[in-house]
Amino acid sequence: MSTTRKVPQLDNQQFDLFTGAPSASEPILSRPALPGARRFVSGNPSQMFVGTVRLEQYLRDSGELTPLTVAKLLDEQDWELFEQRYALTGRAPYAPRCMMGLILYGIMQGVHSLRALERLARLDVGCMWVCGGIAPDHANIGRFITLHEASLTHDFFESLTRSVLQACRSSSQRVAGDGTVIEAACSHYKLLKEEAVKSQPPVSD
């Protein structure tokens, strides 16, 4: 008599749960509009998933429409001036559009430190959609702010925040009292800017 035990046939349905499960989305290099122009590390939020559900659908099903609106507004902006500040050689930097998405979304969520922004980018699904899934560390965020200090003015953030609030008015309950929200956003950015400047190494003579 054989002592070999017959392995029972496995139920294929339990394995079907894993078929077609998407792999994690990786940041991609954006293609420059002009030959020889700088390439940037961008993101592809349309290929991001929460479990087996596309991130966009997950946000819609959860009623979190603000990230979708913020991302659309940022896509409509001209980032050429920001992109021109980077050298054409060396390691590809994060796309200014994605970095600004992280900062803007963060300050509108009450974030006012570089490390908190770093954490937000890694853990908040709404933020992942807005900034394309990039996950810069706090030092990278600080360098971005100081590099574009001339453009990231109080008026710039006030105008951009106001545009976001107007676009989100029908889809979010957190836009009540526009003046207060705008003032708070600008205040949060001021704290981020101060931290970014202090974190930069001193210029040697």
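1. With which residue does R97 form a salt bridge? In this predicted model, the partner is D75, and the closest N and O atoms of the pair are 2.9 Å apart. Since R97 belongs to helix α5 and D75 to helix α3, the bridge ties together parts that are 22 residues apart in sequence. R97 is buried, at a relative accessible area of 14%, whereas D75 is exposed, at 54%.

2. The whole structure contains 6 salt bridges. Among them is the pair E56 and R60, with an N to O distance of 3.2 Å. These two residues are 4 apart in helix α2 (residues 55-61), which means about one helical turn separates them. E56 is partly exposed, with a relative accessible area of 32%, and R60 is likewise partly exposed, at 44%.

3. Helix α5 (residues 96-108) packs against helix α6 (residues 114-123) at about 105 degrees, the axes being 10 Å apart. The two helices are therefore roughly perpendicular. On the α5 side, L102, I103, Y105 and G106 take part, meeting L117, L120 and A121 of α6. This contact comprises 6 nonpolar residues, 1 polar residue and no charged ones.

4. The largest nonpolar core has 41 residues, of which I103, L104 and F157 touch the most other members. Helix α5 supplies the largest share of this core, 8 residues. Leaving aside residues up to four places away in sequence, F157 touches M100, I103, L104, I107, L152, C186 and Y189. A second, separate core of 7 residues includes M48, L55, L68 and W129.

Notes:
Residues are numbered from 1 along each chain as its sequence is written. This is a predicted model: local features need pLDDT of at least 70, side-chain atom pairs count only at pLDDT 80 or more; totals for chains, interfaces and linings use all residues. Side-chain values use heavy atoms; hydrogens and water are left out. Axes are lines fitted to C-alpha atoms, for helices over the stretch in contact, and angles run from 0 to 180 degrees between N-to-C directions. Angles under 35 degrees count as roughly parallel, over 145 as roughly antiparallel, 65 to 115 as roughly perpendicular and the rest as oblique. Contact means heavy atoms within 4.5 Å. Ala, Val, Leu, Ile, Met, Phe, Trp, Tyr, Cys and Pro count as nonpolar, Asp, Glu, Lys and Arg as charged, and the others, Gly among them, as polar. A nonpolar core is a set of buried Ala, Val, Leu, Ile, Met, Phe, Trp, Tyr and Cys residues joined through side-chain atoms within 4.5 Å. Buried means under 20% relative accessible area, exposed over 50%, partly exposed in between (1.4 Å probe, protein chains only). A salt bridge is a side-chain nitrogen of Lys or Arg within 4 Å of a carboxyl oxygen of Asp or Glu.
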